[in-house]
Amino acid sequence: MGAKMRHFITYSRAATTRAKKTDHYLFKRFLLSTIAVSALSVEAAHAQSVSNPPAATSPALNDIIVTGTRETGTKARTSATPIQVISGQALEKTGEVTLRDALQKLAPSIARQVMGGDTANLTDVLTIHGLSPNHVLVLVNGKRRHTTANVQLDPGPQQGATGVDIDLIPVSAIDHIEVLLSGDSAQYGSDAIAGVINIILKSSDHGGSVQANAGKYYAGDGFSRNFSANVGTSLFDHGFVNLSGEYAGQDHTYRSGPDPRTGYLDNKILGDPSYNRELFSVNTGYYFPDGVEVYGFGTYGHRDANTYENYRLPSVLTSTVTGLPVFPGGFSPQETLSEDDFSTTVGVKGDNLFNWHWDVSSTYGADYDNIGLINSANPSLYDATGYTPTSFHIENLTNTEWTNNLDLSRPFNVPFLPAPVTVSWGLEHRLDSYKIAAGDADSYYGGGAQALPGLQSFSAGAHFRNSEAGYLDLGTKLTPQWHVDVAGRFEHYSDAGNTLNGKFTTRYDFNPQIAVRGSIGTGFQAPTLAEEYYTNLNVSPTGASGQLAPNSAVAKSLGSLPLKPEKSTNYDVGFVLNPLPALNFTADAYQVDISNRVVDGGTAYGATAIAALSGAGVTLPGGIDTADVSASYFINGANTRTRGADITGDYLQDLQDHGSINWSLGTNINDTEITSVKNNAQGTPALNAQQRSYLTSTTPKFKILLGADWESEKWGFVLNETIYGPTSDDLTYFAAGPNQYSSSVFYHFTNPTAYTTDIELRYRLTPHLELAGGANNLFNAYPKEVPLANQYLGTKYDTASSQIGIDGGLYYARVRYVF
């Protein structure tokens with residue numbers, strides 16, 4: 001098993017009540033502070049505007065958006081739903097070489113777990129409003145993006161996730177990103193419970209850029225490098241072809257403390273993986289004289305990555321002849337990933353079908369994961385044959401999605417209304433597949449390869465699902481100031497049944513400076529095929545944890561039930577202020593109620609778990625502690641309520657001959673509570689206290705982004721401060737003693753408010769050539785360390801609840817040439 005994060009907790013009612021009171025106090029304090037700061041900003045901006053008229057508003061707010069609406073011409077600043085627009089230039093200025101890390105630095109509502117366990121450390125997914133990555137729908141040019149085949153299985157807030165790995169899209173290909181901070185299943189279907197991320201690719205027919213980045217952590221490891229290029233060209237003077245290519249790589253980082261077994265820094269599991277990634281994208285369109293456009297776009301990515309597992313002592317493998325260790329220095333297994341990922345979309349659209357705008361498209365995406373193990377051994381095989389490989393093929397996972405769409409839209413003039421009624425409707429068919437292939441025989445013989453035994457043939461299979469959907473959307477203005485939109489969508493799943501979802505959205509503009517907006521809608525999330533069918537065993541130096549498919553006989557013997565769809569109700573209400581042309585402020589409160597959340601639960605321990613795993617055909621390796629063995633399955637384990645607010649502010653200050661400064665504020669306040677816990681088939685609560693905490697306390701209670709971006713003719717400087725609210729977790733005792741591996745006595749651990757500072761300085765040598773250098777986490781902040789008694793073999797940070805990265809500060813340099 002990977003870094004030990006199985007910290008089962010119990011709840012103290014009094015402590016919980018005090019914590020909630022403290023959280024509510026913090027929410028109020030930061031909300032009032034934000035409003036006060038905004039009011040002062042308005043006053044200061046107004047004072048300046050009298051003597052120094054500001055520049056135009058932030059360009060992103062005037063961008064035409066296509067997310068969250070089916071009407072044409074809608075701008076971000078006039079949207080009826082909360083939309084954040086992030087430009088490709090803003091992504092580059094973060095100094096990050098991955099799209100996920102850049103996004104979470106620019107959008108306070110977006111977050112990532114600082115480190116995934118085991119193979120999840122090799123895949124990059126994200127969350128919105130602290131919900132599951134499975135609740136985030138990702139689009140590319142408005143078309144659904146496929147998800148990863150790799151399942152996050154280690155305990156934590158993202159357990160069971162198979163979200164979209166957005167780091168397989170080259171940053172150099174991105175024109176901008178539209179983030180919809182509201183559930184929208186009525187428009188887009190399953191997955192859009194927390195929100196929608198729409199990645200818009202570049203479509204220029206001329207020019208391009210070449211860029212190189214390099215960086216390294218203050219600790220001296222984790223060297224990162226990135227090389228990218230983008231070029232646009234005309235397609236026979238009636239279209240465009242825009243191409244992007246990217247290479248990115250990073251070396252390992254190591255942040256574990258001393259291993260108590262040896263007293264040395266032998267256990268390298270706590271750290272970032274090593275990877276090399278090659279990406280390619282194309283976006284093209286051709287325009288015919290009659291208004292018809294043929295278009296296509298696609299991406300391809302290949303990644304080779306490996307991540308360290310727990311160090312094995314020399315005694316794990318001894319010679320059957322001499323009795324001496326085969327590896328005198330012990331060994332550190334590494335889980336490996338060889339991944340091929342691609343997506344392609346082709347379509348035709350136009351405006352000439354009886355005045356209807358029409359769009360017919362087909363999208364096929366797939367993720368192929370070959371998971372292996374290096375620098376490991378199978379002691380059972382060695383004891384039986386005198387031989388063991390050191391490299392193993394563990395399993396193959398494949399996820400595919402084929403989506404076909406017909407979309408039509410047309411405005412109709414209605415005499416008594418001040419604006420046309422836009423009628424939009426469409427159809428969608430999707431075929432999903434999830435395929436699981438077994439590892440080689442040596443990987444699962446006996447107790448299997450150390451760290452990650454291979455998947456056996458009886459756990460392999462190919463699984464498919466069809467869905468058909470239809471939607472209708474009506475949007476208009478009832479008065480010149482009052483916009484309304486009503487949408488409904490019916491969807492049928494071959495395995496999850498029918499669902500009907502709706503959404504009502506409205507906005508009222510009192511004047512050009514003040515508006516209010518709100519929405520209410522329902523959502524739907526079908527269980528993923530991975531959640532339904534995947535089986536796995538992870539092995540640590542002291543124990544093992546098994547993941548059982550909920551439809552298996554063994555899982556049913558522990559109380560599993562057939563998975564049902566998750567259902568949600570979303571509420572949003574907010575206001576928009578534009579008191580000055582260059583000053584913009586928004587505040588949107590939200591509530592997301594989710595029933596039948598799919599979580600990992602029904603966990604059995606000790607002898608019960610061992611019996612269940614044996615019944616599943618799993619042989620446990622020798623030398624483990626039976627108290628440190630568990631078996632679990634995915635279940636509709638809880639109903640939850642997530643409440644919070646998104647607050648943004650933006651002011652573009654004109655310094656005349658000295659350039660301009662874009663001041664920005666982004667705040668997310670977020671809290672999740674469990675409204676009820678479900679029982680399994682045996683009448684036992686599906687969730688233990690630890691699993692409840694993963695849903696409620698491991699996400700920061702607030703996240704504040706403060707930024708200043710100064711730009712002049714030749715120079716540029718960016719300063720960003722990020723403030724993360726507190727989190728907490730209840731940790732297992734791993735040190736020898738009466739509470740070791742206890743499932744009832746824990747240490748309550750709290751991460752205090754954390755701060756990180758990022759800076760970047762840029763200089764244009766010529767109009768085409770720019771140099772930049774900077775530092776992320778300038779002051780080298782680290783998470784709070786957990787007590788020694790709660791560290792598993794030196795894993796000194798709690799990666800389930802740490803708000804900031806475990807690697808410390810990073811410095812980088814970048815050179816960019818634009819043509």
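Me: Which side chain meets Asp221 in a salt bridge?

Reply: The model is a predicted one, and the values below are computed from it. Asp221 lies in the loop between strand 8 (208-217) and strand 9 (224-234), while its partner lies in the loop between strand 10 (239-250) and strand 11 (274-287), so the pair ties together parts that are 34 residues apart in sequence. With N to O at 2.8 Å, the side chain that meets Asp221 in a salt bridge is that of Arg255.

Me: Is Arg255 buried or exposed, and what is its relative accessible area?

Reply: Residues count as buried when their relative accessible area is under 20%. Asp221, the salt-bridge partner of Arg255, is buried at 14%. Arg255 is buried as well, with a relative accessible area of 7%.

Me: How many residues apart in sequence are the parts that Glu92 and Arg816 tie together?

Reply: The side chains of Glu92 and Arg816 meet in a salt bridge, with N to O at 3.2 Å. Glu92 is buried, with a relative accessible area of 14%, and Arg816 is buried with 16%. Because Glu92 lies in helix 2 (residues 88-93) and Arg816 in strand 33 (residues 810-818), the pair ties together parts whose separation in sequence, in residues, is 724.

Me: With which residue does Arg489 form a salt bridge?

Reply: Side chains of opposite charge can pair when their charged atoms come close. For Arg489, which counts as buried at 4% relative accessibility, the closest N and O atoms of the salt bridge are 3.2 Å apart. Arg489 lies in strand 18 (residues 482-493) and its partner in strand 16 (residues 421-437), so the pair ties together parts that are 61 residues apart in sequence. That partner, itself buried with a relative accessible area of 12%, is Glu428.

Me: How many salt bridges does a search of the whole structure find?

Reply: Beyond the pairs discussed above, Lys93, Asp709, Glu711, Glu760, Arg762, Arg764, Glu770 and Arg814 are linked in a network of salt bridges. The protein has 54 positive and 78 negative side chains, with the centres of the two sets 6 Å apart. Over the whole structure, the number of salt bridges found is 37.

Me: What is the nearest side chain of opposite charge to Glu395, a residue that is buried yet has no salt bridge?

Reply: Glu395 lies in strand 15 (residues 392-412). Leaving aside neighbours within four places in sequence, Glu395 is in contact with several residues, among them Asp369, Asn370, Leu455 and Tyr534. A salt bridge would need a side-chain nitrogen of Lys or Arg within 4 Å of a carboxyl oxygen, whereas the nearest side chain of opposite charge is 14 Å away and belongs to Arg303.

Me: Against which strands do the buried residues of helix 10 pack?

Reply: Helix 10 is mostly covered, since seven of its eight residues are buried. These buried residues are Ala689, Gln690, Gln691, Ser693, Tyr694, Leu695 and Thr696. They pack against strand 24 (583-605), strand 25 (629-654), strand 26 and strand 29 (727-731).

Me: Which residues does Gln682 touch, not counting residues up to four places away in sequence?

Reply: Gln682 lies in the loop between strand 26 (660-677) and helix 10 (689-696). Gln682 and Asp63 are 619 residues apart in sequence and, from C-alpha to C-alpha, 55 Å apart in space. With residues up to four places away set aside, Gln682 touches Ser557, Leu558 and Gly559.

Me: What distance separates the C-alpha atoms of Ser743 and Tyr605?

Reply: Ser743 lies in the loop between strand 29 and strand 30 (747-751), and at 47% relative accessibility Ser743 counts as partly exposed. Ser743 and Tyr605 are 138 residues apart along the chain, and their C-alpha atoms are separated by 9.1 Å.

Me: What radius of gyration does the protein have?

Reply: The secondary structure comes to ten helices and 33 strands, and the C-alpha trace spans about 90 × 60 × 55 Å along its principal axes. Of the 819 residues, 59% count as buried; among contacts between residues at least 6 apart in sequence, 71% join residues at least 24 apart. A compact globule with 819 residues would have a radius of gyration near 28 Å, which agrees with the value for the protein, 27 Å.

How values were computed:
Residues numbered from 1 in each chain as written. Predicted model: local features only at pLDDT ≥ 70, side-chain atom pairs only at ≥ 80, totals over all residues. Heavy atoms only, no water. Helix = DSSP H or I, 4+ residues; strand = E, 2+ residues; numbered from the N terminus. Rg over C-alpha atoms; globule rule 2.2 N^0.38 Å. Buried < 20%, exposed > 50% of the residue type's maximum accessible area, 1.4 Å probe, protein only. Contact = heavy atoms within 4.5 Å. Lys, Arg positive; Asp, Glu negative; His and termini not counted. Charge placed at Lys NZ, Arg CZ, Asp CG, Glu CD.
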